[in-house]
Amino acid sequence: MGYWGRDKTASTYDLVEQMNFLYVSVVKAKDLPVMDITGSLDPYVEVKVGNYKGVTKHLEKNQYPVWNSTFAFSKERLQSNLIEISVKDKDFGKDDFVGKVLFDLAEVPQRVPPDSPLAPQWYKLVDKKGEKINQGEVMLAVWMGTQADEAFSEAWHSDAHSLSQHSLANTRSKVYFSPKLYYLRAHIMLAQDLVPSDKGRQPDTFVKVQLGHQIRVTRPSPMKHVNPEWNEELMFVASEPFDEYIIISVEDRIGPGKDEVIGRIFIPVREVPQRVETSKLPDARWFALQKPSMAEEEGDKKKEVKFASRILLRLCIDSGYHVLDESTHFSSDLQPSSKHLRKPSIGLLEVGILSARNLLPMKGREGRMTDAYCVAKYGNKWVRTRTLLDTLHPRWNEQYTWEVHDPCTVITIGVFDNCHINGKDDVKDQRIGKVRIRLSTLETDRIYTHSYPLLVLSPSGLKKHGELHLAIRFTCTAWVNMVAQYSKPLLPKMHYVQPISVRHIDWLRHQAMQIVSAKLIRSEPPLRKEIVEYMLDVDYHMWSLRRSKANFHRIMSLLSGISYVARWFGGICYWKNPLTTILVHVLFLILVCYPELILPTIFLYLFVIGLWNYRLRPRIPPHMDARLSQAENTHPDELDEEFDSFPTSRPSDIIRMRYDRLKSVAGRVQTVIGDLATQGERALSILSWRDPRATAIFIIFSLIWAVFLYVTPFQVVAVLIGLYVLRHPRFRSKMPSVPVNFFKRLPARSDSLL
């Protein structure tokens, strides 16, 4: 699984605070004495340091048990200098003591990676008085290490020793990889010699294609006979190792809601040829259709049938695309599916997940606080930190590394409350918040150590769950390649040569999300569906009045810059600051006399503005902005609508109210769009003779201007126009200008609307 997300350099753990742990590895035991009168022994090991205790599972009737368990005790919480490792016999009443091994904490060796792991050794068991017993040895390794130790992720940590082994698996830190995804293209062309059940009517046929849980249907053939044609392309998402089948069935629509299968074929995905970039499409192939009951009723006789219906298909796996499983606005990976087309990495991204503070208690009703863990996703690599139990100020101090292929990508880090530590499988982990960081906003080789607010929007409103403390460093290893990336398109070449429609892209993105979710939920510990969907923003494209308001305010914020320039120019024209207006006049006359200075002046001005704004550059990466998201004062009903299921599950009176509200909003949008269309149609009608007098006036005026501009030097014309625009207010009128009056009188097609 170490394909393109594999790290090339080992993490040095220099972004996080070093945390020291006492590691105790219990490997196995031999020649243990029998304790029961039945002659059996059910041994287990108990590791005790002060008030902390860890227990291995017990093995029934085994004098030579193998546990292979590792325990980790945080050094800062150790309350004793004595490590007691006891072997006990599981019994119905009180467990029997078999023997123990004692260690002095001061004599435990220190191991620092990249040192090799400490070799376990055999130790003789002693009784409660410290005297050696006749038989019984246990193989142990005890050392002091840090969170960079290889045993860290698999160890039983001191705060989780009370959990069962099944629940403990849900608390460990792990690295996951998304499945490798491809687009599969199916071109349904035509069929021949179909045999419908009712030969007295012409079949109304369509083709249904299924790949896993993905089902697509063609339009009914316009040719209603036994040799139909469709000539339609359908696209699906396939994942390695290509162990699924494409099920293609030709069906006849007998009546409303009643379809009959005429023929079906199963094609293994691994037999479908791959196409790299814009190479020639594979040739279309004829496939024999099987009747649905043929395999069961006739068995091997089907091989003897010489006549069969058949269908012409062109199937290929397009490996030149990048399969989108997240929104392109904050995508973390833009590489094509084919490994032959991927570009070399340009750098490394190192993220230290340090801590969180001021978390809200998520399990207050259960008498607990919060069992928090983090999930980070970049590219196809997901990481999950260990779960820190029952604390509002968790300190993970875990560091992870990713290869970077494009600086214009985004890493997503989410924080969740673990609800599966009590063995419950029918609950969902709760969201605490997430952070997105765009790599292009980071300076190279600089460590960013900041706290980011954890905001969650729920039907009850916006909640701040605390802050997440991160350390981030983006290291560039190929400066030329990184700068060159800014001149290249975001997506691979195939997305532009043979683009996929937006409607299909949205459907394919949803299918890719489902495949990734189904794959990661089968890991151990699983990344559950609610985690994957939250990290990938599965509902980002759904309607939200709050998000629509946010986008409207974003547009108004952009237009405010244009409005500011217009107000500044208006102040120049109306001589609000005479000195500035005079300077603009001088600059204008210089540029008119020396037009070759216009472009250099513009670019020099841009350079100076950029240099001036350098001192105002952001010092920290941007984070989730509640004000920008219009989340602070959102109406509760708008939030309830945003979190409603699709299709809706609300009562009809609420749906009617929301429909009326949507009609009101859409009416205002419709009015604005209509006004824009009116202005465009007026511009087009200038020369269309829809208003013959207006067109005649315009073309005569154009002829006069053409003669005037031909006989007058350009500099003179430019000076006259500039002085007219910048004229003093005493020469201005408050009435609209003649060109504006003329334009507003032009006809539009709005009067032709019903």
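How many bridges does strand β20 share with strand β27, and in what sense do the two pair? Let's start there. β20 covers residues 347-357, β27 covers residues 461-476, and they pair in the antiparallel sense over 10 bridges. If you want one spot to look at on screen, find Leu349, which stands opposite Phe474 in β27.

Before I go on, a word about what we're looking at. This is a predicted model. The chain has a mean pLDDT of 86, and 95% of its residues reach 70 or more. There are two stretches to watch out for. One is residues 1-11, where the pLDDT is below 50; that stretch has 26 contacts in the model beyond near neighbours in sequence. The other is residues 295-305, also with pLDDT below 50, and here the model has six contacts beyond near neighbours in sequence. Where pLDDT is low, the predicted coordinates should not be read in detail.

If you zoom in on β12, residues 205-211, you'll see four bridges to β13, in the antiparallel sense.

One more strand pair, and then we'll do helices. β5, residues 82-89, and β6, residues 96-104, run antiparallel and are joined by eight bridges. They form a hairpin, with six residues between the two strands. To find your way around, look for Ile85: its bridge partner in β6 is Val101.

Now the helices. Take α5, residues 502-520, and α6, residues 529-536: their axes come within 9 Å and cross at roughly 140 degrees. Roughly antiparallel would need an angle over 145, and α5 and α6 are therefore oblique to each other. The crossing of these two is right-handed. On the α5 side, the contact is made by Met513, Gln514, Val516, Ser517 and Leu520, and on the α6 side by Lys529, Val532, Glu533 and Leu536. Sorted by class, that's five nonpolar, two polar and two charged residues.

And how do α8 and α13 pack? Helix α8, residues 578-593, meets helix α13, residues 714-725, at an angle of about 165 degrees, with the axes 10 Å apart. α8 and α13 are therefore roughly antiparallel to each other. The crossing is right-handed here as well. From α8, the contact uses His585, Phe588, Leu589 and Val592; from α13, it uses Gln715, Ala718, Val719, Gly722 and Leu723. This contact has six nonpolar residues, three polar and no charged ones.

That's the tour, thanks everyone.

How values were computed
Residues are numbered from 1 along each chain as its sequence is written. This is a predicted model: local features need pLDDT of at least 70, side-chain atom pairs count only at pLDDT 80 or more; totals for chains, interfaces and linings use all residues. Side-chain values use heavy atoms; hydrogens and water are left out. pLDDT is the predictor's confidence in each residue, from 0 to 100. Contact means heavy atoms within 4.5 Å. Two strands pair if DSSP finds at least two bridges between them. Axes are lines fitted to C-alpha atoms, for helices over the stretch in contact, and angles run from 0 to 180 degrees between N-to-C directions. Angles under 35 degrees count as roughly parallel, over 145 as roughly antiparallel, 65 to 115 as roughly perpendicular and the rest as oblique. A crossing is left-handed if the near helix is turned anticlockwise from the far one by less than a right angle, and right-handed if clockwise. Ala, Val, Leu, Ile, Met, Phe, Trp, Tyr, Cys and Pro count as nonpolar, Asp, Glu, Lys and Arg as charged, and the others, Gly among them, as polar.
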